[in-house]
Amino acid sequence: MRYEGPIYRPPSEADSLLIQATIGCPHNRCSFCMVYKKGPRYRVRPFGEIEQDLMEAARRYGSRVRTLFLPAGNTIAMPTAELAAVCRRAHDLLPELERITVYGSAQYIHRKGAADCARLRRAGLSRIHVGLESGSDEVLRRIKKGADQQQQIEAGILAREAGMELSEYVMIGIGGLELSRDHALATAAALNRIQPHFVRLRTLVPKVNTLLLHQIEKGRFQLLGPHQALTETRLLISRLQAPTRIVSDHYTNYVNLEGRIPEDRERLLAELDQALQRPQGAFRPHFVGTQ
Ligand code: SF4
């Protein structure tokens, strides 16, 4: 198997086979993201190369492979016929394969529409991780996400109605102090429409070589402290109505929240209230991450 450029995968894919179908990210503009800023440029790998990697994986791991993740920033942007062919070939070669997952931004899901999403689901694509980041139009515009709230909602519904398991990633603090409340309320409103299977929380940690870090250094963006981030999270969870599961499986979060909405909402809010009793110094420091 050959890999090119940074290889990222969700924590939930820790035991998955990783096969690259695309390299880089076709968007590569989000203000907080440094993953592909230094390249490589986005491209789709030729089907023959991907197939060779799948065949090698089948020889080495065979029936031990239950889950497959196709890494790189936006593999959903791959032409539908090619991505469907990769999914079908993976199922042919890996007899015990139960799940195929990709990352996908709303604008690329949106462009596919219902027919292509259904075609990909029939080919075996079963799970998608979408960076919602925020449901606020103003936040989405400032961070250059490439989709507004309406597109995010429609894309999420497309993926879910096609039968894919949908994770929506929310970035706590991405509106800064100025837009914290708008971010929490609009994100809850978007998630209530999308009704994803999972809401995965990440807390903003500014990264080197990003526009966002430059904005922080120039005083144009105020980072949330731990209590402000927890308060924002509290507001978001208090407004969530859609049946979903909250997961915060990431080192950036100040508390580890896990539970179902609506059943566990009061417990989650109580955990946040408890965390808010702790002094700010008890939490991880603000820091600049390198990845
Ligand atoms: S956050 Fe995702 S969509 Fe945005 S630039 Fe990074 S990899 Fe691309």
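Author: Glu133 is buried, at a relative accessible area of 8%; buried means under 20%, exposed over 50% and partly exposed in between, with a 1.4 Å probe and protein chains only. This is a predicted model, in which local features need pLDDT of at least 70, side-chain atom pairs count only at pLDDT 80 or more, and totals for chains, interfaces and linings use all residues. Residues are numbered from 1 along each chain as its sequence is written, and side-chain values use heavy atoms, with hydrogens and water left out.

Reader: What is the phi of Glu133, and in which strand is its place?

Author: Glu133 is not a glycine, yet its phi is positive, about 65°. Its place is in residues 127–133, strand β6; strands (E, at least two residues) are DSSP runs, as are helices (H or I, at least four), numbered from the N terminus.

Reader: Is Ala72 buried or exposed?

Author: Ala72 also has a positive phi, near 105°, and its place is in the loop between β4 (67–70) and α2 (80–93). Its relative accessible area is 3%, so Ala72 is buried.

Reader: Is Arg141 buried or exposed?

Author: Arg141 lies in helix α4, residues 137–142. Its relative accessible area is 55%, so Arg141 is exposed.

Reader: Which residue does a cis peptide bond join to Gly39?

Author: The omega of this bond is about 0°.
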